[in-house]
Amino acid sequence: MVEDDFVHPYIPNSVPDVKREMLREIGAQDARELYAEMIPDRLLLKRPLDLPEPLPSELDLRRHVEGILSKNGTCADHLSFLGSGCWQHYVPAVCLEIMGRSEFLTAYAGGPYSDLGRFQAIFEFQSMIGELVGMEVSGLPTYDWAGAAGNAVRMAQRLTGRNRVLIPRIISPGRRSVIENYAQPSQMPGHIEIEEVGYDPGTGALDLGDLEAKIDEETAGVYVESPSYLGVVETELKEIGEIAHDHGAEFIVGVDPITLGVLAPPADYGADIACGDIQPLGVPMFAGGGLGGFIASRDEERYVGEYPLRLISVTENERGEYGFGQCTFDRTSYIGRDKAKDWIGTSTALWAIGAGVYMALMGPRGMREVGEAILRKSHYAARLVSELDGVNVPFRGFFKEFLVNIDATGRDVATVNEGLLERGIFGGKDVSLEFPELGQSSLYCVTEMHTKNELDRLAVTLEEVLK
Amino acid sequence: MTGVAKLRRYHAPVWDESIIHELGRKGERGISVPRVEDEITAQTGAIDSILPGKVLRETPPNLPELSQAQVLRHYLRLSQVTLGMELDIDLGVGTCTMKYSPKVNEGLAALTADIHPLQPEGTLQGLLEILYEFGHTFLGEVSGMDEFSFQPSGGSAAAYNNACIMRAYHGENGELEQRNEIITTVFSHPCDAACPATAGFRVVTLYPEEDGLPSTDALKAAVNENTAGLFITNPEDTGIFNREIDEWTRIVHEAGGLCAYDQANANALLGVTRAQEAGFDMCFFNLHKTFGSPHGSSGPGCGAVGVTEELAPYLPVPVVVKEGDRYGLDYDRPRSIGRVRDFLGNVQVVVRSYAWAMALGARGLREVAEVSMINNQYLEKKLQGIKGVTKPFGGRRIDQIRYSLQTLKEETGVGVDDVNRRIVDYGIQTFFTSHHPWLVPEPFTPEPCETYSKADIDYWAEALRRVCEEAYSDPELVRSAPHNSSMHIFDPSSFDDPERWAMTWRAYKRKRGEK
């Protein structure tokens, strides 16, 4: 039953004559006959799908989808101070150009001879991430920082044969939940006991006394973040690493790579595994769809052997041509199935390519300058805000994000943020439910994109809303 | 028009492009960063007065230093030596559904670029509407499932998500310690074994009988009081559809397990048969395969999960909900597994898939399925009679077929990896062989989805025929391929050698004794 009037631009063989010709060669009357040979009648859907009227015209489709999406507000038409795991940084035009290239946008699983450039771009991404963190191994990133941290925690478990991991109390609850899923429930054989390490209420930094009290010879890894979820830059990372190593634990550090032109690289303070998100490196936010989680480590066989990720290695042939391929691919679930190092799948390669472009554009100087710009602008904003009556910025050693407490105003963050929204501002993320001990607090994010005028406007508007 | 396709004279671009670290010159820069106003600089003072000196970087990172045009040129060259999908006939990559991703959808997806996931819900109404409607209106109808999540960002991530749901379900019933086994089949995607294992389950893998499928009796023998559930692909990676799938889900349910359907590539089943009627409790679709979002060189993608009403409480948070004509994000779900990824997932992928499905509608989706299936039968006809190619297991296949070049290997010494390098010389992307283990020896698995014209299929088949003929007439030509690509053959042995592998330029230079 070939119907003659339906030809769709996405389906060349929907042309009735072509389909008839192919069916003739196959020796079948129609598709139904062929399906009936393969799928039992009782499982065949006997009715058309009940879906909205289609919009095959590209113009109609655009109008329809644009109409729906126009109901959104964005950080382009608002002044936004949201961060908390997804950040508004400037995305250079060249990054967009390269991420939009047909070849990179649509490639997938081609081999190293046909997709040479895709492999090289990923290798270069790994190389530049390696320079930022000071390490020699990285791979194709996973979905986000949270997933990378979850992978890293399980790597530590396998590396040490131990089943206990310390994480900071100050961590994004979403990230913590992802890690906890990787840690498995207590009934399961691969369970990792997750224990939190407290913080110094004065500085927001990790409480080293608590770390000393909680670490033991069963600890597989110590996971810390710098900057922390609340933006605090840890000052005692070297000591934290030494404490971890003294107990035979892996030292895992989560970092925001946009800091690394200014802040010391994880390798310098003894990190064994570094992880973090590449979204700040030239990838748009896409409401969280821009995230990508990198992992890096020293180039030692025992670390390489525990990665779940695809690791692209370089080589050279006798003609002096570079070639690329998968390092120890047997590790991965594509080969090892249930015996593999966890699982791997479609990842965030396009963002890795874009992040590579970003790092190449920025170079050492650009990375330092952007880090300094963020430091200056965020500290300028924090100072302005903290000068308002009843507003306190409790933790001063931060990068990009800072906690704003309004307990002394008697107001709550939710209504203050509503007031800001009415005035075109997305206020900082409300963290008062996530960390009740911090009172009515929100997390403000200031990046290189904010201008002085915008920061001044925040302070003025906040004052007005708080009145 | 039947007839032999004329193979084109092809040569890939050759740029002999350096590694980016070898380019540029100290002091060059690719972009200037936004300026810091003088007043801000003055007020904030020295950097080491903002943060203590001990946390600051002492040596700048050894990043490349290039001007903007030079960075662009480098990456444009890399893109030119990437065959990708749109330049060629990429129907060889089975299990991946290499379909056309409509260009109009790129502009639509970009409308979400400046959205922050934590914006107030009132400013997210358009995005949430797309997420909700694509789930409930489209995927709900295509699968028969009730509730959806787009948080998992790939097919394997979705399988992992579903393993976490199974874990939560049995945990809530107090049976997790007992129900610790997942059953899968060896021709199901490897993630159906790896993800439950990562979630903590023991995995029992069923192997095929002579017809290519494990027997239903084998499943009956495998289920017991330890059974937590079934993870299965259908059709399996061989393209063979398990006709007793509803009996399989019944057996697993009777034993107290749940059934998770891997529909990563459901392309030839759209509007044909559904997860619900087959008795599944959950399923997932890869939007970057079946639903037209581009593969992105390997992501970002989306493994869209659908579950029955009964399992909806376990979905990861937040879940997109609709109340009246308003959309919202529900975080208050005490039985939820929590999160498998931060925020809402790759929402820009969902926007593209929504647009793709809207462009097709019910009839179009059914046409996608039928044409994909017919293309598969047609390609089989074209490959029949190519010397050296066989089709193990026999029987008609749905969307793809796992063929074998074992005969070719035995008769010429040329194996599938050699053929795969040589086919590139005809301007065709490398094809997919098979996941491991290679139960079908010297395998290859083309999937000629609806994107490919009859002429495309004819060309692909002709290229394979030519390479197989070359294997008989001039095996060295094939073994030493590629000859017309951007580079020549290299020895991959260093990739498994700790002394020589190098994942970064700094490691490569160190291992070669260079500074």
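The model is predicted.

**Interface of chain B and chain A**

Contact involves 211 residues of chain B and 197 residues of chain A. The two chains bury about 18,100 Å² between them. Carbon and sulfur atoms carry 63% of that area. The size of an interface is often given as the accessible area lost when the parts come together.

Polar terms are also present. Between chain B and chain A there are 14 salt bridges. Residue pairs in polar contact across this interface number 109, with both residues at pLDDT 80 or more. On the chain B side, helix H10 (residues 347–383) gives the largest share, 28 residues. The chain B side that touches chain A divides into 104 nonpolar, 62 polar and 45 charged residues.

Over all chains, the salt-bridge count comes to 69. B:Lys511 bridges to A:Asp299, with the closest N and O atoms 2.7 Å apart. B:Arg512 forms a salt bridge with A:Glu316, and here the closest N and O atoms are 3.6 Å apart. B:Arg512 sits in the segment after helix H15 (505–511) of chain B, while A:Glu316 lies in strand S9 (residues 312–316) of chain A.

**Domains of chain B**

Contact links 24 residues of domain 1 with 19 residues of domain 2. The two domains of chain B bury about 1,700 Å² between them, 63% of it on carbon and sulfur atoms.

Which three residues supply more than any other three of the area that domain 1 buries against domain 2? They are B:Asp237, B:Asn267 and B:Ala268, with 29% of that area.

How many salt bridges are there between domain 1 and domain 2 of chain B? The count is zero. Polar contacts do occur: seven residue pairs, both residues at pLDDT 80 or more. The domain 1 side that touches domain 2 holds 13 nonpolar, six polar and five charged residues.

The table sets out the two interfaces.

| Parts | Buried area | Share on carbon and sulfur atoms |
|---|---|---|
| Chain B and chain A | about 18,100 Å² | 63% |
| Domain 1 and domain 2 of chain B | about 1,700 Å² | 63% |

**Sheets of chain A**

One open sheet of chain A has seven strands in the order S2-S8-S7-S6-S5-S3-S4, with mixed pairing. Strands S2 (137–138) and S4 (193–197) of chain A stand at the edges. Each has a single partner strand, so one side of each is left without a neighbour in the sheet. Within this sheet, strand S7 (residues 273–277) and strand S8 (residues 293–297) of chain A pair in the antiparallel sense over five bridges. A:Ile273 has A:Ser297 in S8(A) as its bridge partner.

Another open sheet of chain A has three strands, ordered S11-S14-S13, with antiparallel pairing. Its edge strands are S11 (401–405) and S13 (429–430), and each pairs on one side only. S13(A) and strand S14 (residues 441–445) of chain A pair in the antiparallel sense over two bridges. A:Lys429 stands opposite A:Leu443 in S14(A).

Notes
Residues are numbered from 1 along each chain as its sequence is written. Chains are lettered from A and ligands numbered from 1 in the order in which they are written. This is a predicted model: local features need pLDDT of at least 70, side-chain atom pairs count only at pLDDT 80 or more; totals for chains, interfaces and linings use all residues. Side-chain values use heavy atoms; hydrogens and water are left out. Contact means heavy atoms within 4.5 Å. Buried area is the accessible area (1.4 Å probe) that two parts lose on being put together, summed over both. A salt bridge is a side-chain nitrogen of Lys or Arg within 4 Å of a carboxyl oxygen of Asp or Glu. A polar contact is a pair of N or O atoms within 3.5 Å; within protein, one must be able to donate a hydrogen and the other to accept it, and residues adjacent in sequence count only if both atoms are side-chain atoms. Helices (H or I, at least four residues) and strands (E, at least two) are DSSP runs, numbered from the N terminus. Ala, Val, Leu, Ile, Met, Phe, Trp, Tyr, Cys and Pro count as nonpolar, Asp, Glu, Lys and Arg as charged, and the others, Gly among them, as polar. Two strands pair if DSSP finds at least two bridges between them.
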